[in-house]
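Subject: Structure handover, aromatic contacts

Dear colleague,

Please find the structure below.

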Amino acid sequence: MTITVEKLSRSFGDIQAVKGIDLHVERGETFGFLGPNGAGKSTTIKMLCTLLRPTSGRAWINGYDIEREASQVRQGIGIVFQDPTLDEYLTAEQNLYYHCMIYHTPRKTRAARIRDVLQLVGLDERRKDIVKTFSGGMKRRLEVARGLLHEPQTLFLDEPTVGLDPQTRRSVWEHVLRLRESTGLTIFMTTHYMEEAEYCDRIAIIDYGQIVALDTPTALKRMVGQDQVRLTTSVPEQAAAILEQHLGHPVRRTDDAIYAEGENGQALAASVIRQLTLADIEVLGVNVTVPTLEDVFVRLTGRAIRDESASAKDRMGSRLRSRGRLRR
């Protein structure tokens, strides 16, 4: 087990940001926190990375206690922070060299390690370029490379693609997933982008500091139902009767549409269209919808994910932090 968390909590004054969570992450797994701003994602990752002391509970990373063995924990993890932390007036190579010195990477192996990680993220040819000239996606990839320099067993990604356009986000994730395949890394990542959570082997949905569900993306989506096929026909009442006989169970009807559900929406659509065609019934329209992680989130929390603005608790936490009251 790479990460073990037991009853982990963190409070800021009377605000309880993380409320006694439990989770386990296997070696080589990509594990995701799915949740809105202010859900407790970043607070959790800061505790696991030894940047913030828990109020209560315990956690172990690669077998080391995050409080009692913080130095050993730090040696075995890499971190890509939510906010950019590169020196944009240095080259890519210089940024990584500085990181090597901080982690006491042996001088004789530094050049080789820098070359290796830049090749892993597709930036070797830009190693001499000033970071300020890089695109947002290239900067993110460089931060991933920096997090891998000291050969960690576990990589923490805190909102790794926040602020990037969809195409760049996809490119960053392609590189990250290739890294996992080639190195066997355990990846623990936080996000509030639904499509990014699909890359994970398992997902914990967290809201207001509590884990409200934990499973694979596929299993989570099954919680809200099967794929749905919506049909419109020239004779809906007759079509519904034929489909109920074909499927062996009732279908749902509205004034102008018929709805059928199944595990494979595309296959179900093809099957019902074929049956109606054989019965000489004209199909006027068909639409297949599949459950999404957004649907899961709405089912579990009663609202859509809060994508833009933090909650009032977040804003209070920010004000307290700005006054220096939330230090370790």
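Predicted model: local features only at pLDDT ≥ 70, side-chain atom pairs only at ≥ 80, totals over all residues.

Residues are numbered from 1 along each chain as its sequence is written, and side-chain values use heavy atoms, with hydrogens and water left out.

The structure holds five aromatic pairs (ring centres of Phe, Tyr or Trp, the last by its six-membered ring, within 6.5 Å; planes under 30 degrees apart are stacked, over 60 edge-to-face, the rest tilted). One of them, Phe156 with Phe188, is tilted, at 5.5 Å centre to centre and 45° between the planes. Phe156 sits in strand E7 (residues 154-158) and Phe188 in strand E8 (residues 186-191), 32 residues apart; strands are DSSP runs of E with at least two residues, helices runs of H or I with at least four, numbered from the N terminus. Both residues are buried (under 20% relative accessible area; exposed is over 50%, partly exposed in between; 1.4 Å probe, protein chains only). Phe156 and Phe188 also form one aromatic cluster with Phe31 and Phe33.

Trp173 and Tyr199 are stacked, because their ring centres are 5.1 Å apart and their planes at 25°. Trp173 counts as buried at 1% relative accessibility, and Tyr199 as partly exposed at 29%.

Arg110 lies over the face of Tyr97, 5.4 Å from the ring centre, and Arg252 over that of Tyr259, at 4.1 Å (NZ of Lys or CZ of Arg within 6 Å of the ring centre and within 35 degrees of the ring normal).

Regards
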